[in-house]
Every structure is written in structure tokens, then in C-alpha cells.
Amino acid sequence: MFNSKSEMRRVNAMMGHSSNIIRNMCKCAKCGDIIESKHRHDWVECKCGAIFTDGGTEYLHRGGVDFKDIIDMTEWRVPPSNVPKPPERSEG
Ligand SMILES: [Zn+2]
């Protein structure tokens, strides 16, 4: 929990920067594969290809056939109270 609005704003601002992501990891709900993007342009897909992560410790670039299959395992320096969820899409 954050004690003040300014503290929350500071953390939100950090989320877009490399300083706040220790490990860009997520798990596929379909095949159970745990994937980690280690560099900014390190695009990693799970075994079954349902999800991917990218961006390394620069930013979280996630996607997949269904966002529900993405189990977030990101390690943060400062745990964000409100991790932005991937945008809802109705394609497919
Ligand atoms: Zn998978």
C-alpha cells in the first residue's frame, strides 16, 4: 500500500522504465511453460505458441491468442499496486 498520492504517482512513472522491472516473466496457462524476456528485443514465446513476452527489463510487451492465458510472474523492484492490464481486444 502507498501512503500518499505522490508516492503512487512516482511508482507509476517508474513502471515504464527499466529500473522497476527485475524479471520480465510470465507463464502460459495452456502449456505451463514459463518464459522470460531478458533483453529489450528478446521476443520469447511459450512452447505451444499461445503467449509471448518481449521488452526485457525495459517494458512489458505481452500478447497472445487469449490474454487470459498469460499468468503474470513479473518481478518488480517496487511492487506496483495497479499493474496495467493488457488492452481488451475482440479480435479472433
Ligand atoms: Zn503455451
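Residues are numbered from 1 along each chain, in the order in which its sequence is written. Because the model is predicted, local features need pLDDT of at least 70 and side-chain atom pairs count only at pLDDT 80 or more, while totals for chains, interfaces and linings use all residues.

The chain has one helix and seven strands. Both kinds of element are DSSP runs, numbered from the N terminus: helices are H or I runs of at least four residues, and strands are E runs of at least two. Along the sequence the pattern reads α-β-β-β-β-β-β-β.

Strand β1 (residues 21-28) pairs with β2 in the antiparallel sense over four bridges; two strands count as paired if DSSP finds at least two bridges between them. Within this pair, Lys-27 stands opposite Ile-34 in β2. The two strands form a hairpin with five residues between them, and Gly-32 in the turn has a positive phi of about 80 degrees.

In a regular strand the side chains alternate between the two faces of the sheet. A residue is buried if 20 or more other C-beta atoms lie within 10 Å of its own, exposed if 12 or fewer do, and partly exposed in between, with C-beta atoms placed from the backbone. Of the 92 residues of the chain, 16% count as buried.

Further along, three strands make an open sheet in the order β3-β4-β5, with antiparallel pairing. Its edge strands are β3 (44-45) and β5 (61-64), each of which pairs on one side only. Four bridges join β4 (residues 51-54) to β5, and Thr-53 has Arg-62 in β5 as its bridge partner.

Which residues form the largest nonpolar core? The six are Cys-26, Cys-28, Ile-35, Cys-46, Ile-51 and Ile-70. Such a core is a set of buried Ala, Val, Leu, Ile, Met, Phe, Trp, Tyr and Cys residues joined through C-beta atoms within 7 Å. Leaving aside neighbours within four places in sequence, Ile-70 is in contact with Cys-26, Ile-51, Arg-62 and Gly-64; contact means that the C-beta atoms of two residues, placed from the backbone, lie within 7 Å.

Finally, Thr-57 is in the loop between β4 and β5. Why does Thr-57 count as buried? The reason is that Thr-57 has 21 C-beta neighbours inside 10 Å. The C-alpha atoms of Thr-57 and Ile-22 are separated by 6.3 Å, although the two are 35 residues apart along the chain.
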